[in-house]
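Subject: Structure handover

Hi there,

Here is the structure I promised to pass on to you. Please open it alongside this message, and I will go through what turned up.

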Amino acid sequence: MGGSVIVGLDGTGNSVPAVRWGADEAAARRLPLCLLHSWISQPLNVSIAQAATNKRRYGAEMLGAAEATALELHPGISVTTEQVSEQAVDALVERSRQATLIVLGSRGHSAISGFLLGSVSLHVLGRAECPVVTVREDVAAANGEREVVVGVQEGGTHGAAVLDFAFAAAEAHHSRVRTVRAWEPAAVAGFMPTALADCPDEEEHAAEQEKELADILTPWRAKFPGVDVVEHVRRGRVAPVLLGSCSPASLLVVGRRMQRTPMSLGPVAFAVLHHSFCPVAVVPCS
């Protein structure tokens, strides 16, 4: 299991785009692919008998079909299947300790309440110890540009984990990285009644933000010399700026702080998970 790309299958059509995306990622990174399903976590809208034996049979058939899909896309990859009798959240969180990443399918934009609020996806996103990628069923077929968009609001340990994942993904897929940094005047960003006259000149402030971003990226350019980097600095709130930058992208990467709670996603992560028109990777950071 160590280093695998794990795809969690929930027994609905949401799983098919996730399997395809996970197979692509496993092939690009030359990693094994693990398809995991919890038969006791099957959704209520699946038309199967309630007996445990029938649920297990349904799960086995679904895993077999998913394996066939993955191998059809990438015949050379290593694929394993696992059906567990523990809750899906617990199984995925446990395996996240040694996985490279977890991939989950999600419903389209018309079912936001079913996707995050109280769902398996929300709890896995908040508790997993490896990056988690969500792939929407309604946009997975769209071919975005070979560009990984990553939000860069801070450096240090927190920013390092996010940048490392984004650059590694770009390198694996021979794509470029668009590093996005949003900024607001102090009077707006801090919600304080500071006089505008006391704020730095807008052009000067933008230049400072550009320099900070360039300084943060210096070690990553050296570590990944083959990855083309676009530096993107815009005035505005973080979530809208990120969403405005990722519409043609193949992946959007954001971070979340590691906390001892299942609800540790911040407002930016929530916003992009709800509204992004490309897969979203949420990277846990210390």
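Strand E1 (residues 5-9) is joined to strand E2 (residues 33-38) by five bridges, and the two run parallel. This is a predicted model, in which local features need pLDDT of at least 70 and side-chain atom pairs count only at pLDDT 80 or more, while totals for chains, interfaces and linings use all residues. Residues are numbered from 1 along each chain as its sequence is written, and side-chain values use heavy atoms, with hydrogens and water left out.

A word on terms before going on. Helices (H or I, at least four residues) and strands (E, at least two) are DSSP runs, numbered from the N terminus. Two strands pair if DSSP finds at least two bridges between them. Buried means under 20% relative accessible area, exposed means over 50%, and partly exposed is in between (1.4 Å probe, protein chains only).

Five bridges pair E6 with E7 in the parallel sense, and valine 149 stands opposite arginine 178 in E7. E6 is also joined to E9 by three bridges, and these strands run parallel; here valine 148 stands opposite leucine 251.

**Salt bridges**

How many salt bridges does a search of the whole structure find? The count is 13, where a salt bridge is a side-chain nitrogen of Lys or Arg within 4 Å of a carboxyl oxygen of Asp or Glu. Three of them may interest you.

Glutamate 25 pairs with arginine 29, and their closest N and O atoms are 2.6 Å apart. The two are separated by about one helical turn because they sit four residues apart in helix H1 (residues 15-29). Glutamate 25 counts as buried at 3% relative accessibility, and arginine 29 is buried as well, at 18%.

Glutamate 82 forms a salt bridge with arginine 95, with 2.8 Å between the closest N and O atoms. Glutamate 82 lies in strand E3 (residues 79-84) and arginine 95 in helix H3 (residues 88-95), so this pair ties together parts that are 13 residues apart in sequence. Glutamate 82 is partly exposed at 23% relative accessibility, whereas arginine 95 is buried at 14%.

Aspartate 164 forms a salt bridge with lysine 223, again with the closest N and O atoms 2.8 Å apart. This pair links distant parts of the chain, as aspartate 164 is in helix H6 (residues 156-172) and lysine 223 is in helix H8, 59 residues apart. Aspartate 164 counts as partly exposed, at 29% relative accessibility. As for shared partners, salt bridges join Glu82, Glu86 and Arg95 into one network.

**Backbone and loops**

Most residues other than glycine have a negative phi, and most peptide bonds are trans. Arginine 30 is not a glycine, yet has a positive phi of about 60 degrees. Arginine 30 is placed in the loop between H1 and E2 and is exposed, with a relative accessible area of 80%. Histidine 174 also has a positive phi, near 55 degrees. Histidine 174 is in the loop between H6 and strand E7 (176-183), and is exposed at 75%.

Is serine 264 buried or exposed? Serine 264 is buried, with a relative accessible area of 5%, and its place is in the loop between strand E9 (251-257) and helix H10 (267-275).

Best wishes
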